[in-house]
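Please have the model open while you read.

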Amino acid sequence: MLRLPRVALGTIQHDSSTQPMCWALMDAFRRRGRQLQHFLSRSCFCPRNGALAITGVNSRHLDTWLMNRPVCREIFVHGCSGRDLAVIEGRFPGPDGSSPQASSLDTLCDWLDLPRLVVLDVSQFDTCQLPERPLQIDGLLLDRVPSPSAAFRMQTSFETLWDVPVLAALGELPRLRAAIARLPCGAVPPIELCRELGDQFEQFCRLELIESLASRRDMPPVAASVFPMQRRRLRRAVTVAVAYDPAFNCYFPDTLELLEMHGANVVDFSPLRDEVLPDADVVYLGCGHPELYAHALSSNHCMLLALRNHIRAGRRVYAEGGGLAYLCQRLETSDGEMAPMVGALPAMARLNRQMATPMPVEATLARQNWLAPAGASLRGYLNGHWTLEPVGPLISYLSGPQRELDLVGQYQVIGSRLHLNFAAQPQLLQGFFKPRTPALAHSVIDG
């Protein structure tokens, strides 16, 4: 049996956020010397990366829509290696049993035997009439409590009427919540902000009871099917160059680890700062927010030329979300200007300024590419932050209505508006290990 202390933390209120409570809880455990691993309950990137600021490592991802039970359990156990406590954050079904998300935190609790900690925003109901009790709940965390006396009063009410322990309470904290709301998308919050949340959390919390719930059951060993037992050795080294800097930093950690475990040499580079591209078989441009760094990206002519030369040589590029926008001829900045970019794809990348909820998409490849053959099924979450406006011939790889611009390409370039978690679809990773193709005989992009 495996000793893996773990809890699920989620809200039952669809318009409420768990972020301040989750950050506060993680910081409170961090100051007690616990090494934490934060998981999200679906394969979508969070808009503000508090887990990295508090724990020093990026969030990982579980997903009952993308993964079956054995795969989910294996990915969870792999991600918990060397950690003292796992916190899985998401949303529980509402009182009517409905869930706004394809992936189910409730199902994850069943698959991983997770204690259910419900975050309840008490400002959304009358304290004289408590909301309906969830069917399954192991602990309650009260958010936006107006005063310490109200916290003790509500503790008595909930523990009497719901028969569940109140484990913590967090105040209204308007200054801290406003500071969180002002953080730009993709930002890592200042550690001082997280520490203040932890200070407030410790004024009314029962960490020992939370830790006792988290440790209540060990976990059976899991069979290895996704992650090989040891790193594989390839006859010919394959190098994957991963763009990583403030403009591009949204990757599934399991994907990068799988590339290395299957024998790839994974190196990072910065489209913002570097002038030379690593000698790579594949360039991997993840999501991020290039619109915030458009001038610096556009001014780095050496990197733009290096990427164009990589493509002219017939080598592969895979890009998602912000990485896809970077490959277009121009992308729209936060100020509404159109900044010139790599020009590998004949399209303009338009910015959607409204926060679009990532939408689960299942689609079939209509045309073969180096990632997968025609007829292959893809599952991912649509990044609605960017829309494409073609200005020339653009290959569309997906079949189905309104999917024409979700996976596009030219030559050996593939750009995706879908975030694909390759750990949940490891067969797609094989494309990264294909041999290089001969150099193209003509220029494929305009300089």
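Does leucine 173 count as buried or exposed? At 15% relative accessibility, leucine 173 counts as buried, where buried means under 20% relative accessible area, exposed over 50% and partly exposed in between (1.4 Å probe, protein chains only).

1. Ground rules. This is a predicted model, in which local features need pLDDT of at least 70 and side-chain atom pairs count only at pLDDT 80 or more, while totals for chains, interfaces and linings use all residues. Residues are numbered from 1 along each chain as its sequence is written, and side-chain values use heavy atoms, with hydrogens and water left out.

2. Positive phi. Most residues other than glycine have a negative phi. Leucine 173 has a positive phi near 45° and is found in the loop between E7 and H6. Helices (H or I, at least four residues) and strands (E, at least two) are DSSP runs, numbered from the N terminus. Aspartate 163 also has a positive phi, of about 55°, although it is not a glycine. You will find aspartate 163 in the loop between helix H5 (148–161) and strand E7 (166–171), and at 66% relative accessibility it counts as exposed.

3. Helices H1 and H7. The axes of H1 (residues 19–30) and H7 (residues 191–202) come within 8 Å and cross at roughly 85°. Axes are lines fitted to C-alpha atoms, for helices over the stretch in contact, and angles run from 0 to 180 degrees between N-to-C directions.

4. The structure holds 24 salt bridges, each a side-chain nitrogen of Lys or Arg within 4 Å of a carboxyl oxygen of Asp or Glu. In one of them, glutamate 202 pairs with arginine 31, with the closest N and O atoms 3.6 Å apart. Glutamate 202 lies in H7 and arginine 31 in the loop between H1 and strand E2 (36–40), so the pair ties together parts that are 171 residues apart in sequence. Glutamate 202 is partly exposed at 29% relative accessibility, and arginine 31 is partly exposed at 29%.

5. Two pairs involving H6. Aspartate 143 and arginine 177 meet in a salt bridge at 2.6 Å, N to O. Aspartate 143 is in strand E6 (residues 139–145) and arginine 177 in helix H6 (residues 174–182), 34 residues apart. Both aspartate 143 and arginine 177 are buried. Glutamate 196 forms a salt bridge with arginine 175, the closest N and O atoms being 2.4 Å apart. Here glutamate 196 belongs to H7 and arginine 175 to H6, 21 residues apart. Glutamate 196 is partly exposed, with a relative accessible area of 29%, whereas arginine 175 counts as exposed at 55%.

6. A four-strand sheet. The order in this open sheet is E15-E14-E16-E19, with mixed pairing; two strands pair if DSSP finds at least two bridges between them. Strand E15 (338–340) and strand E19 (386–390) stand at the edges, each with a single partner strand, so one side of each is left without a neighbour in the sheet. Three bridges join the parallel strands E14 (residues 328–332) and E16 (residues 345–351).
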